[in-house]
Structures are given as structure tokens and as C-alpha cells.
Amino acid sequence: MPPAADLLAWYDHNRRRMPWRALPGENPDPYRVWLSEIMLQQTTVTSVIPYFERFVERFPTVQALAGAEEGAVMAAWAGLGYYARARNLHACARAIDAQGGQFPHTVEALRALPGIGPYTANAVAAIAFGVPVVPVDGNVERVAARIFAIETPLPAAKPALAQAAASLNHEAAAQSRASDFCQALFDLGATICTPRPACGLCPWSAHCRARRAGIAEQLPRRTAKPARPVRHGALFCLQDEAGQILLRRRPPHGLLGGMTELPGTAWRDAPFGADEATQAAPMQAAWRQAGRVRHVFTHFELFLDVYAATVPTIDADGFLRPATRLAGEALPSVMRKCLEIARQPAAHSVPRARPR
Ligand code: SF4
């Protein structure tokens, strides 16, 4: 078993500085720890940092977040994707506020809150409150697979990797510095034990079975995923002569739930022809095909044909916003890409759907 003390000594000299992390000698702020862990799901540290900084400036405490309008929370989250996270985040802040404003300290009580699953409960408990548990994300799975040379492919290997990762903090050193140990594992996976590991710099290299066997780069193995299905839709950017754009709000639940969007067709397996698409437009107008946007969601790839038109006045379902003041709208990245294309005058190359 690799010694926790070696990893902790490495961490003391190499820890990453991040805006949600406590500095040595400081107490971690559970609100910042929780918020960062929710933001970091499916998103990289580099992408999260500016969102995190803006978010805590806008909502500096869990109470401030609990008291905010949902639209303001969604707008602050816009661009981070996986919008159910933002709705759950808001619901969780309200639940904590209703319980007196303090985060619970145990894994079990954290798990009872909205949007907190096993990983986040372990991460908040370990980092914020020093509970000796190991949250298992992709980085930690990679480290565990290599240290113990676990060759079963993912996802079948998940239970074995979780068990192996949990065993890493069996020592008193790890348990008495549970917060640092957990963050040290994250940092080892993110900076040294990366897909192409720098084993020469690793504090655990003498204890790593995969390195000894010469198979570190091959682990963790993965079962090949089936290709993502492709879906198609058409979107309409309708502007009036006063420079206002027609928008609508998506239903509160489901993909991009509660977010703002351009009006458009439903999404389906087959592409839309121009005639069929413009028949579904919110108004008759001289529609021009501005381009095509490709966006990859977790479970499918979406191609959106973007149409643009300007009319004297808009008479259609939805609401109007000045084109110059869209920054505060809860527009997800895919809609911002569509708006950008629609509002450029020149023709664009159209990305092609890969053959199916
Ligand atoms: S020795 Fe290499 S493969 Fe093993 S844990 Fe360290 S960096 Fe990862």
C-alpha cells in the first residue's frame, strides 16, 4: 500500500491554488467547496474558474444564493452546461437555508440534500469537514487503477476502483489530514498521473504496480462506447427593426430546462429541408440560412440549421430582448453559438453531419 505520508509531503510542495481552496492554515468554506464540486462535474478546472469567481461575487453565501430568483441563478450559470445542476444547486441552497444555514457535516446528511450524490457528499465531507472518505472521480479512478494494476475495463471496474481508492486512506496520516489527502489525490491525478503519466515525478512510483508492469498508460481500460446518435433541428433568429430579438423560455425540466432559447423546431433523427424548416418559423419572413451549429451533448450530437430574418415588428409567442443586451440572459452555449452565426452577415461554411 502506498504511504499516505509520501503523497501528503508531495502535496505540501505542489498543491494547486484554486479560488475555492483554503490556503494552508485556513479553514475551508463549505459553500465554496460545494459550489466548486458541483461546477466541476463534467467541466474542467480552467473553464470553471471564471464562472466560479463571478458566481461567488454575485452570490457570496449560501443564504444569498437561497434568496435569489431562479432566473438570476440560471443566468449566472449560463454557459456551464448541464443546467439541471443549477436548478438543484438553487434547491440545495434553499434546503440548507431552511435548516439554519449550516452545511451538514456527515456524508449521510449531505446526501439527503438536493443534487448531492455519493461523489459530492464524499468530496464536501472530506474537503470541508475532514471526514476520512475518498471521493472517486475520473482522476482518482485512474490513480487507483494504476496503483493496484486493475485491468478490468470501465465501467465494469467502477466498484473495484471505488473500493481500491477507499483503501488508500487506511493510514492515520491520511485520516488525520483527510481534507488534504483528498485534494492531494485530485492533484496527483490531474497533474502527474494523467493519461500520459509522469511517473518519474510521482511520490508513489515505488509502490505502483502498473508502472512496474509497464502498463500504466494503458490503464484504466475502457469498454468501447457506441457512437453518439445524431439529431437535427432548425432555429430562428427573428429581429425587429428596433433591434430586438424574439426569445422563449424552455420548459422547466429536461435538457436545458428553464434556459432561454431561440424559437425552433423539435429535434429529430433526420435533417430538415429549408422549406420544411421555415414553415415551422414563428412568423413569415424572408428567411436566410445563416449557417449550421454543431453541439455535442453527453448522449447525442446535435446539428442546428440557423435561419435569420428581420421584420418591421414581431408578433409571435415569446418575449423580446434588445440584441445588445443579451449578456444577462440565461442563454446556454449552444444558443449563443446560434445567435453569433445568425447575426453575422456573411455566409458560413456549414458543418456536415457525419455519415450514419
Ligand atoms: S507511478 Fe505513474 S502510473 Fe503509478 S500512480 Fe504514479 S504517475 Fe500514476
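Author: That would be α2, which gives 4 residues, the most of any element, to the lining of the largest pocket. Helices (DSSP runs of H or I, at least four residues) and strands (runs of E, at least two) are numbered from the N terminus. A pocket here is an open set of points on a 1 Å grid over the protein atoms alone, with protein on both sides within 12 Å along at least five of seven lines; a cavity is a set where a 1.4 Å probe fits but cannot get out, and lining residues have an atom within 4 Å of a point. Please bear in mind that this is a predicted model, with local features needing pLDDT of at least 70 and side-chain atom pairs pLDDT 80 or more, while totals for chains, interfaces and linings use all residues. Residues are numbered from 1 along each chain as its sequence is written, and side-chain values use heavy atoms, without hydrogens and water.

Besides α2 (30-40), the helices α8 (118-129), α9 (138-147) and α12 (178-191) each bring at least two residues to that lining. In total 31 residues line the largest pocket, and L40, Q41, Q42, D137 and G138 lie nearest its centre. Its volume is about 1100 Å³, meaning the space filled by probe spheres set on grid points joined across faces, edges and corners. The lining splits into 12 nonpolar, 10 polar and 9 charged residues; Ala, Val, Leu, Ile, Met, Phe, Trp, Tyr, Cys and Pro count as nonpolar, Asp, Glu, Lys and Arg as charged, and the others, Gly among them, as polar.

Two or more residues come from each of α6 (84-98), β4 and α15 (333-342). By class, this lining holds 11 nonpolar, 10 polar and 1 charged residue. Domain 1 (4-218) and domain 2 (230-342) both contribute to the lining, so the second largest pocket lies between them; the domain bounds come from an automatic or database assignment.

H295 also takes us into a strand pair, as its bridge partner in β5 is L302. β4 (residues 288-296) and β5 (residues 301-311) run antiparallel over 8 bridges, where pairing requires DSSP to find at least two bridges. The hairpin that joins β4 to β5 has 4 residues.
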